[in-house]
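Let's take a friendly walk through a protein model, one stop at a time. Have a look at it first, and then we will begin with its rings.

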Amino acid sequence: MAAYVIFTREKTLDQSEMDAYIKAAPAGFVGHTVKVLASHTKFEVIEGPQVESVVLLEFPTMDAAKAWYNSPEYKKALDHRLKGGVYRCAIVDGL
């Protein structure tokens, strides 16, 4: 069953860290089956507080999504994202 990783950036704290994250993040996908369904495209918040951006990734399974998120390659990029902005991230099982 597919699983989806949803990122919402609530606030940018350090643009240089965000730039470093954007540069480093693609290396984290190597060796993982992932489909980018939406990335910083047009969106509209219809409930709750505004966010700056939304990213939606699809993985084959919940375990595959967790393996990517916890991989050493993605952790290198993650450090920059955590310094660069305030995010929410969830992994959701598909139907």
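Which residues form one aromatic cluster? They are Phe-7, Tyr-21, Phe-29, Phe-59, Trp-68, Tyr-69, Tyr-74 and Tyr-87. Before going on, note that this is a predicted model, where local features need pLDDT of at least 70, side-chain atom pairs count only at pLDDT 80 or more, and totals for chains, interfaces and linings use all residues. Residues are numbered from 1 along each chain as its sequence is written, and side-chain values use heavy atoms, with hydrogens and water left out.

A search of the whole structure finds eight aromatic pairs. Rings of Phe, Tyr and Trp (its six-membered ring) pair if their centres lie within 6.5 Å; planes under 30 degrees apart count as stacked, over 60 as edge-to-face and the rest as tilted. Tyr-21 and Tyr-74 are edge-to-face because their ring centres are 6.2 Å apart and their planes meet at 80°. Tyr-21 lies in helix 1 (residues 15-24) and Tyr-74 in helix 3 (residues 72-84), so this pair ties together parts 53 residues apart in sequence. Helices here are DSSP runs (H or I, at least four residues), and strands are too (E, at least two), numbered from the N terminus.

Are these two tyrosines buried or exposed? Tyr-21 is buried at 12% relative accessibility, and Tyr-74 is buried at 1%. Buried means under 20% relative accessible area, exposed over 50%, and partly exposed in between (1.4 Å probe, protein chains only).

Trp-68 and Tyr-69 are also edge-to-face, because their centres are 6.1 Å apart and their planes at 65°. Trp-68 is buried at 1%, whereas Tyr-69 is partly exposed at 22%.
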